[in-house]
Amino acid sequence: MTVLLCLGCCDVYEFVYPDQVPTIQPASELIHFKALINTSSNQSKTMSPEECCTSLRPTLEILDKVCPEVSQWARETHANNKIEWINSSQVNFYALYNVMNGRVRISKHFLLENDGKKASILAHEFRHSRQGSTKFFKATVSYLLGHDPNESVMELDAQLFEQQIYLAIFR
Ligand SMILES: [Zn+2]
């Protein structure tokens, strides 16, 4: 009962203070073409963290046109040393945002995707960085109640934003 009351309060709070979702611009034909290019070599395993970040330049240029808030966030996160590159054999995800400390772990496997796909994955993690505490609270309660974390309100919200960016680039 208390949990339901708290969740109800969260809904009222979110109604009054909604999360800010940035505007997405449809990509031009030129960006669409560029987004399909896979600029990464399969030598990503041996790339240094700095080389990994440098290889993101075309991806960030696409985001500069489609949703500059995402590319700005990615550059700031890199500048603040909050991007950690990990070998793909260690993990089963492309990227993971840590709500507690704002750090993003990115698997080097991610670098093998084309630039448009990479842009949409970064958008997913950006969205997590902007989700309010009420979504976090709801997701935590849902997890404690035994629901699949991949279907939490936070995850579905981030997936929706990721898909919107993907469509803006590729449709
Ligand atoms: Zn997610």
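In this predicted model, helix H7 (residues 133-144) and helix H8 (residues 153-170) have axes that come within 7 Å and cross at roughly 125°. The two helices are therefore oblique to each other. On the H7 side the contact involves Lys135, Phe136, Lys138 and Ala139, and on the H8 side Val153, Met154 and Asp157. By type, the residues of this contact divide into four nonpolar, no polar and three charged.

The loop between H7 and H8 holds proline 149. Is proline 149 buried or exposed? With 11 other C-beta atoms within 10 Å, proline 149 is exposed; a residue counts as exposed if it has 12 or fewer. Leaving aside residues up to four places away in sequence, proline 149 touches Tyr143 and Glu155. The C-alpha atom of proline 149 is separated by 7.3 Å from that of alanine 139, which is 10 residues apart from it along the chain. Alanine 139 is also one of the H7 residues that meet H8.

**Helix H6 against helix H8**

Helix H8 also has a contact with helix H6 (residues 115-130); the axes of H6 and H8 come within 8 Å and cross at roughly 145°. The crossing is right-handed. From H6 the contact draws on Gly116, Ala119, Ser120, Ile121, Ala123, His124, Arg127 and His128, and from H8 on Met154, Asp157, Ala158, Gln159, Phe161, Glu162, Ile165, Tyr166, Ile169 and Phe170. These residues divide into 10 nonpolar, five polar and three charged. Met154 and Asp157 of H8 take part here, and both also meet residues of H7.

Isoleucine 165, in helix H8, is part of the contact with H6. The C-alpha atoms of isoleucine 165 and alanine 123 are separated by 7.0 Å, although the two residues are 42 residues apart along the chain.

An α-helix has 3.6 residues a turn, so residues three or four places apart point the same way.

The axes of H4 and H5 come within 6 Å and cross at roughly 140°. H4 and H5 are therefore oblique to each other. Leu60, Leu63 and Asp64 of H4 make this contact with Pro68, Val70, Ser71, Ala74 and Arg75 of H5. Five of the residues in the contact are nonpolar, one is polar and two are charged.

Serine 71 lies in H5. It is buried, with 22 other C-beta atoms within 10 Å. Beyond residues up to four places away in sequence, serine 71 touches Leu60, Leu63 and Asp64. Serine 71 and phenylalanine 126 are 55 residues apart along the chain, and their C-alpha atoms are separated by 9.0 Å.

The loop between H5 and strand E1 (83-86) contains asparagine 81. Asparagine 81 has a positive phi of about 55° although it is not a glycine. With 9 other C-beta atoms within 10 Å, asparagine 81 is exposed.

| Helix pair | Axes come within | Crossing angle |
|---|---|---|
| H7 and H8 | 7 Å | roughly 125° |
| H6 and H8 | 8 Å | roughly 145° |
| H4 and H5 | 6 Å | roughly 140° |

**The chain as a whole**

The secondary structure of the protein chain comes to eight helices and three strands. Read from the N terminus, the elements run α-α-α-α-α-β-β-β-α-α-α. The chain has 171 residues, of which 30% count as buried. Among contacts between residues at least 6 apart in sequence, 69% join residues at least 24 apart.

Definitions and conventions:
Residues are numbered from 1 along each chain as its sequence is written. This is a predicted model: local features need pLDDT of at least 70, side-chain atom pairs count only at pLDDT 80 or more; totals for chains, interfaces and linings use all residues. Axes are lines fitted to C-alpha atoms, for helices over the stretch in contact, and angles run from 0 to 180 degrees between N-to-C directions. Helices (H or I, at least four residues) and strands (E, at least two) are DSSP runs, numbered from the N terminus. Angles under 35 degrees count as roughly parallel, over 145 as roughly antiparallel, 65 to 115 as roughly perpendicular and the rest as oblique. Two residues are in contact if their C-beta atoms, placed from the backbone, lie within 7 Å. Ala, Val, Leu, Ile, Met, Phe, Trp, Tyr, Cys and Pro count as nonpolar, Asp, Glu, Lys and Arg as charged, and the others, Gly among them, as polar. A crossing is left-handed if the near helix is turned anticlockwise from the far one by less than a right angle, and right-handed if clockwise. A residue is buried if 20 or more other C-beta atoms lie within 10 Å of its own, exposed if 12 or fewer, and partly exposed in between; C-beta atoms are placed from the backbone.
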